[in-house]
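Colleague: I'm new to this one, could you walk me through it?
Modeller: Gladly, let me put it up and then take your questions.
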Amino acid sequence: MKEPLIRMEGVSFDYRLNSEEVVRVLRDVSLDIYPGEYVAIIGHNGSGKSTLAKHFNGILKPTEGNVYVAGFNTKDDRYRREIRRRVGMVFQHPDNQIVATIVEDDVAFGLENIGVPPREMRKRIDAALEAVGMSSYRNRPPHHLSGGQKQRVAIAGVLAMEPRCLVLDEATSMLDAHGRREILQVLRRLHQRGMTIIAVSHHMSEAAEADRVLVIEAGRIAMEGPPREIFQRQELLRRLQLDIPVATRLAGRIHERVPDFQPDLIHPREIVDEVVRIAGKKGAAG
Ligand SMILES: Nc1ncnc2c1ncn2[C@@H]1O[C@H](COP(=O)(O)OP(=O)(O)OP(=O)(O)O)[C@@H](O)[C@H]1O
Ligand SMILES: [Mg+2]
């Protein structure tokens, strides 16, 4: 068994409101994330998803318990750089993450800060822009780009640091449907190349892309598993005020009328395949 890239052991986290009051937001969370995994995190507003995500690279440190990134305890400040280098974060607002006036300068920003030599920098910028499909925009000013393109530039800036894991906190929520598809495509490609991906999302069709879904409720993991299993637990999801993917809803409805129709579908393309399968059977029978 491979070593986990991220291990959380009994993590609880309190925000301090003032000198007397604290509010507990994470409660005894334990989880392992393995290299190359694609994990989606879903949960109702305020359930603690962002707080959890900020523990994955040491932006926040546990009040109780421990988080290890590649074996480094995030509580130990000596490992701060090792940890940040391995786990990159992408946030919600593309505009807040862009700092330069030319796309390639923006991607270079983090590299300049850690003193990467110019030749190596060139190579990394090229690879990062290529990975997000933005090579031809390298000399453009970022403020002329669409939301999805800006977010791809933000992702390139993180990729240039050559992390092993990308954590995205609602990175598509400010984007239109087209921009969301652009980002999903990038994530799929990075995942195929072996990148570990952790994506917080409130779009269930995005969570359906993951290998594993973590459902957070009031700072705890309420359930976890492959999306196909998670999205069949519809009663629990409804109780947590969470949606299910459109494909799953449709498949469920059709299954009620056509019992032979598989109910546990999560992707639109599976609906098409299932319709074709059933139609083929009917054709053969008739
Ligand atoms: N800096 C802070 N100080 C005090 N309380 C906070 C702070 N940040 C978040 N909280 C509280 O912690 C809880 C969890 O917040 P968090 O942002 O982690 O949830 P979330 O699941 O990401 O929510 P959303 O879906 O709205 O993004 C909420 O009740 C929130 O009000
Ligand atoms: Mg959040």
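This is a predicted model: local features need pLDDT of at least 70, side-chain atom pairs count only at pLDDT 80 or more; totals for chains, interfaces and linings use all residues.

Colleague: Thanks. Which residues surround ligand 1?
Modeller: Ligand 1 is surrounded by Y15, L17, V25, H44, N45, G46, S47, G48, K49, S50, T51 and E170, and these shell residues divide into 3 nonpolar, 7 polar and 2 charged.

Colleague: And which helix gives the most to that shell?
Modeller: That is helix α1, which spans residues 49-53 and contributes 3 residues to the shell around ligand 1.

Colleague: What lies close to the oxygen atoms of ligand 1, say from G46?
Modeller: A backbone N or O atom of G46 is 2.8 Å from an oxygen atom of ligand 1, while for S47 a backbone N or O atom is 3.2 Å from a ligand oxygen. With N45 it is a polar side-chain atom that lies 3.2 Å from an oxygen atom of the ligand.

Colleague: How much of ligand 1 does the protein bury?
Modeller: Taken alone, ligand 1 exposes 640 Å², and the protein buries 59% of that.

Colleague: Changing topic, how is the chain divided into domains?
Modeller: Domain 1 covers 6-244 and domain 2 covers 245-286, with 34 Å between their centres, taken over C-alpha atoms. Their contact takes 11 residues from domain 1 and 10 residues from domain 2.

Colleague: What area is buried between them, and which atoms give it?
Modeller: About 840 Å² is buried between domain 1 and domain 2, and carbon and sulfur atoms give 58% of it. On the domain 1 side, R228, Q232 and I244 supply 63% of the area which that domain buries against domain 2, more than any other three residues.

How values were computed: Residues are numbered from 1 along each chain as its sequence is written. Chains are lettered from A and ligands numbered from 1 in the order in which they are written. Side-chain values use heavy atoms; hydrogens and water are left out. A residue is near a molecule or strand if one of its heavy atoms lies within 4 Å of it. A polar contact is a pair of N or O atoms within 3.5 Å; within protein, one must be able to donate a hydrogen and the other to accept it, and residues adjacent in sequence count only if both atoms are side-chain atoms. Accessible areas come from the Shrake-Rupley method with a 1.4 Å probe; for residues, only the protein chains shown count as cover. Helices (H or I, at least four residues) and strands (E, at least two) are DSSP runs, numbered from the N terminus. Ala, Val, Leu, Ile, Met, Phe, Trp, Tyr, Cys and Pro count as nonpolar, Asp, Glu, Lys and Arg as charged, and the others, Gly among them, as polar. Domain bounds come from an automatic or database domain assignment. Contact means heavy atoms within 4.5 Å. Buried area is the accessible area (1.4 Å probe) that two parts lose on being put together, summed over both.
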